[in-house]
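Here are some notes to read alongside the model.

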2 protein chains.
Amino acid sequence: MSVKTKIPYIEQNQQRFLDELFELLRIPSVSADKKFRDDVKKAAEFIKAKLVEAGVDKAEICRTAGHPIVYGEKIIDPALPTVLVYGHYDVQPADPYELWETPPFEPTIRNEKIYARGSADDKGQMYMHIKAFETMMQTNSLTCNVKFMIEGEEEVGSNNLGIFTEANKEKLKADMIMISDTGIISNEHPSITVGLRGLTYVEVEVTGPNRDLHSGMYGGAVENPINVLCEMIHKMKDENGHITIPGFYDKVVELSNADREAMAKQPFSLEKYKKDLDIADVFGEKGFSTIERTGIRPTFDVNGIWGGYIGEGAKTVLPSKAYAKISMRLVPNQNSDEITKMFTDYFLSVAPKTVKVKVTPHHGGEPAMVSTKSTAYQAAALAVEEAWGKAPIPTREGGSIPIVALFQKVLGLDSLLMGFGLDEDAIHSPNESYGIFNYIKGIETITLFYKHFATLSKAK
Amino acid sequence: MSVKTKIPYIEQNQQRFLDELFELLRIPSVSADKKFRDDVKKAAEFIKAKLVEAGVDKAEICRTAGHPIVYGEKIIDPALPTVLVYGHYDVQPADPYELWETPPFEPTIRNEKIYARGSADDKGQMYMHIKAFETMMQTNSLTCNVKFMIEGEEEVGSNNLGIFTEANKEKLKADMIMISDTGIISNEHPSITVGLRGLTYVEVEVTGPNRDLHSGMYGGAVENPINVLCEMIHKMKDENGHITIPGFYDKVVELSNADREAMAKQPFSLEKYKKDLDIADVFGEKGFSTIERTGIRPTFDVNGIWGGYIGEGAKTVLPSKAYAKISMRLVPNQNSDEITKMFTDYFLSVAPKTVKVKVTPHHGGEPAMVSTKSTAYQAAALAVEEAWGKAPIPTREGGSIPIVALFQKVLGLDSLLMGFGLDEDAIHSPNESYGIFNYIKGIETITLFYKHFATLSKAK
């Protein structure tokens with residue numbers, strides 16, 4: 001297929017743009033798993049090389065205590081506005097591998113989509129920026145200075161990005177930050193994200209007896225840590241889907257009726273949503289719609305649970321330990337550290353004295369809001385309208401990009417969240433995909449954005 | 001060490017008896033896991049060879065739809081009583097391997113105990129019978145006919161043993177069945193098991209959305225199957241440790257006060273029990289003691305649970321599925337099939353309509369009682385008293401040996417449960433062990449049993 005765009009250079013180079021992305025997708029840069037350490041490094045080197053090829057003045061791989069950050073810049077005129085592009089080259093773990101129709105690190109095209117881990121989150125979306133930059137360089141149309149900061153630890157909490165940002169404030173000076181790590185409502189309804197949820201992620205360990213026991217010899221007399229963990233998790237929510245952690249909702253910003261009515265106007269079909277997921281019904285906090293539940297309300301989910309014998313067949317064990325990974329999505333003005341503490345206190349308080357409980361915080365991030373009145377948003381709206389033929393709808397998204405709050409705090413800069421993913425992309429799941437249309441249209445929209453941003457900035 | 005016995009042959013051959021057992025323990029005959037299939041076969045061949053060496057008239061490996069059954073017999077005089085020895089050569093899976101101090105299939109002696117998977121359950125205990133038989137053959141003192149039936153599927157529910165027993169009623173004709181797959185209270189308090197719990201074992205699967213989802217995009221609006229599974233498990237028991245499945249206790253035989261008082265006289269220290277397990281307190285059904293909870297009351301335990309992301313680091317997934325392995329120990333007169341159905345009905349009834357639930361029964365077994373008035377029990381009591389210097393205490397054990405009920409039904413024979421394991425043996429756990437003292441003393445006790453059984457049988 002060839003995607004039509006307003007920029008001939010992009011149309012002429014589509015195949016190469018895809019080939020290069022495929023090369024990047026073949027590198028299993030899973031940041032959460034030590035065994036992929038060398039691949040993460042390889043992905044960083046790939047990005048640096050492609051920035052140089054695309055025409056940056058300088059590019060470097062910056063070491064951190066964890067995975068490196070790739071930095072590159074093209075300064076055409078200090079008097080012109082500067083755009084700081086943020087993205088990440090690391091990906092989520094790909095397991096369970098057996099559920100992938102084609103292997104996660106062998107990108108494949110089906111139904112005009114690219115199937116691979118990271119195709120949408122965030123390699124595909126991040127790489128659009130490098131190809132948009134190349135397009136402007138090759139067509140002599142770059143109207144702003146550009147800086148790239150592409151990290152390798154987004155999927156594990158961006159632990160070292162804060163240190164790097166703090167230490168490089170001068171280098172990172174810019175007028176705005178542009179991030180493509182979000183989605184649009186649909187290809188018929190382009191949209192721009194103006195709200196993001198924060199995140200608290202913890203791992204809990206419940207210990208009963210000091211060793212695995214025979215459930216026949218001890219069952220009935222010794223507390224089973226799996227049963228206890230189930231009970232403790234159950235106690236975190238009531239029957240109305242309301243989270244029971246004391247103080248949890250205290251700082252939640254309640255939307256005005258007018259805001260809620262505006263949200264309700266977003267195109268959304270509950271029937272289609274249920275059918276797509278093959279569920280008989282949705283479930284969430286009583287008194288809120290599905291769009292509100294995923295956009296403006298905090299959540300509590302168990303992301304993983306394990307304990308006892310989970311192999312083939314049967315084993316009559318009364319296990320010593322049970323574990324869970326638990327995350328909470330946060331909304332303005334909840335604070336990640338405060339919520340982690342509230343959860344920990346409450347979780348420990350509901351534990352019976354027959355077990356020992358340990359809570360280990362993984363990583364957190366703050367919720368964020370983006371103003372629709374900024375020059376960046378206005379320029380983005382013009383670019384979307386020019387490329388897609390429709391004005392974008394401002395939306396709130398459920399996912400978390402904790403670095404948005406970080407950039408605001410450390411660099412004093414607002415982020416523009418112009419991503420082009422779709423719900424069906426199944427990011428973080430098996431068979432993650434990214435539409436070829438979205439990839440190419442994204443490159444076009446980003447290229448057009450620079451033009452409008454320079455014009456609007458000059459007019460101010 | 002050398003264990004003193006009343007039979008010189010046993011003392012003289014202790015080292016060889018240990019060496020042969022070690023050879024058997026080195027074969028990882030895990031019946032639950034397909035990848036050990038060849039090892040299971042190897043263990044069967046080992047048993048057959050050792051029966052022949054010990055002096056049976058014939059020995060054979062009998063094929064079944066699963067793992068084979070080893071059969072052997074020595075008929076000295078059809079007029080004499082016949083003892084049918086049952087045991088199993090398969091073992092539980094050994095994972096988690098990393099918790100073993102020495103590898104599970106490399107038997108090692110520490111603190112006068114043999115550490116290895118199967119050392120107590122049941123290779124060590126089963127092999128005592130072959131060595132007791134050898135002793136009687138070599139010392140010309142065999143006073144009964146002997147038949148051996150050693151199976152390879154005990155740890156996976158003995159699915160094919162029933163078929164085999166049914167098809168070989170004539171061949172298996174005997175006066176009693178002798179099984180060593182239970183324990184004694186302590187080496188200072190020898191005991192014989194007179195009651196066994198039954199078992200129901202199921203696997204449950206809870207399905208929410210049809211694929212793993214990003215918890216940021218869907219969290220809060222789509223029911224999380226792990227949260228649901230936790231809630232459903234929680235609903236199976238109330239705060240008094242009472243199982244809430246309707247009808248669950250209907251057929252439970254309540255013990256008389258006299259019986260309960262007799263049980264309370266068993267030597268038992270709750271402080272030692274808690275210290276040994278490193279727990280602040282025990283937990284179980286309100287109104288019953290620890291000995292009662294593990295002996296005469298039914299239980300509900302989750303033996304394994306899993307779902308979502310359980311690897312290193314963090315993954316913000318809202319999983320499609322969550323699973324658990326659940327078992328219930330049964331007491332007279334509960335019935336395994338009935339309880340499986342009650343559980344299934346209730347479990348399905350507490351599921352919200354936002355998920356799909358599947359229950360797969362694994363295997364079950366009926367609870368059993370052994371009379372203290374039988375010739376076999378009386379002969380065993382005399383043998384224990386002669387070997388250990390103390391009369392045995394009749395006890396009820398929490399574990400399940402479903403084949404006891406099967407033998408009663410198909411062969412019309414009572415089983416004598418004369419095992420010599422200890423609680424500390426940690427069967428089904430990492431670092432399973434079996435005392436050298438118990439192994440040698442067991443061989444002696446079994447040998448003495450034959451003498452008393454022949455004498456008492458003749459006197460009748």
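1. This is a predicted model. Between chain B and chain A there are 39 residue pairs in polar contact, both partners at pLDDT 80 or more. On the side of chain B that touches chain A, strand S11 (residues 301-308) gives the most, with 8 residues. By class, that side of chain B has 34 nonpolar, 30 polar and 24 charged residues.

2. Salt bridges come next. The count between chain B and chain A is 6. One of them pairs Lys353(B) with Asp281(A), with 3.6 Å between the closest N and O atoms.

3. How much area is buried between chain B and chain A? About 7,800 Å², with carbon and sulfur atoms giving 52% of it. The contact draws 88 residues from chain B and 88 residues from chain A.

4. Now the symmetry. Chain B superposes on chain A by a rotation of 180° with 0.0 Å of shift along the axis, at an RMSD of 0.1 Å. That is the relation of a two-fold axis. Of the interface residues of chain B, 100% are also interface residues in chain A, so the copies meet through the same surface.

5. Some backbone geometry deserves a look. Most residues other than glycine have a negative phi, and most peptide bonds are trans. The peptide bond from Asp95(B) to Pro96(B) is cis, with omega near 0°. Pro96(B) lies in the loop between S3 and strand S4 (108-110) of chain B. Asp121(B) and Asp122(B) are also joined by a cis peptide bond, with omega about 0°. Asp122(B) sits in the loop between strand S5 (113-115) and helix H4 (123-138).

6. Two non-glycine residues have positive phi. Asn140(B) has phi near 55°. Its place is the loop between H4 and strand S6 (145-151). Is Asn140(B) buried or exposed? Asn140(B) is exposed, at 75% relative accessible area. Ala426(B) has a phi of about 55°. Ala426(B) is in the loop between strand S17 (415-417) and strand S18 (433-435). At 10% relative accessibility, Ala426(B) counts as buried, because the cut-off is under 20%.

7. Last, Tyr86(B). This residue is in strand S3 (residues 82-88) of chain B. Tyr86(B) is buried, with a relative accessible area of 1%. Beyond its neighbours within four places in sequence, the contacts of Tyr86(B) include Met149(B), Leu161(B), Ile179(B), Ile403(B) and Phe407(B). Which side chain joins that of Tyr86(B) in a polar contact of 2.5 Å? The side chain of Glu151(B).

Definitions and conventions: Residues are numbered from 1 along each chain as its sequence is written. Chains are lettered from A and ligands numbered from 1 in the order in which they are written. This is a predicted model: local features need pLDDT of at least 70, side-chain atom pairs count only at pLDDT 80 or more; totals for chains, interfaces and linings use all residues. Side-chain values use heavy atoms; hydrogens and water are left out. Helices (H or I, at least four residues) and strands (E, at least two) are DSSP runs, numbered from the N terminus. Buried means under 20% relative accessible area, exposed over 50%, partly exposed in between (1.4 Å probe, protein chains only). Contact means heavy atoms within 4.5 Å. A polar contact is a pair of N or O atoms within 3.5 Å; within protein, one must be able to donate a hydrogen and the other to accept it, and residues adjacent in sequence count only if both atoms are side-chain atoms. Copies are superposed by least squares on the C-alpha atoms of residues with pLDDT of at least 70 in both. Buried area is the accessible area (1.4 Å probe) that two parts lose on being put together, summed over both. A salt bridge is a side-chain nitrogen of Lys or Arg within 4 Å of a carboxyl oxygen of Asp or Glu. Ala, Val, Leu, Ile, Met, Phe, Trp, Tyr, Cys and Pro count as nonpolar, Asp, Glu, Lys and Arg as charged, and the others, Gly among them, as polar.
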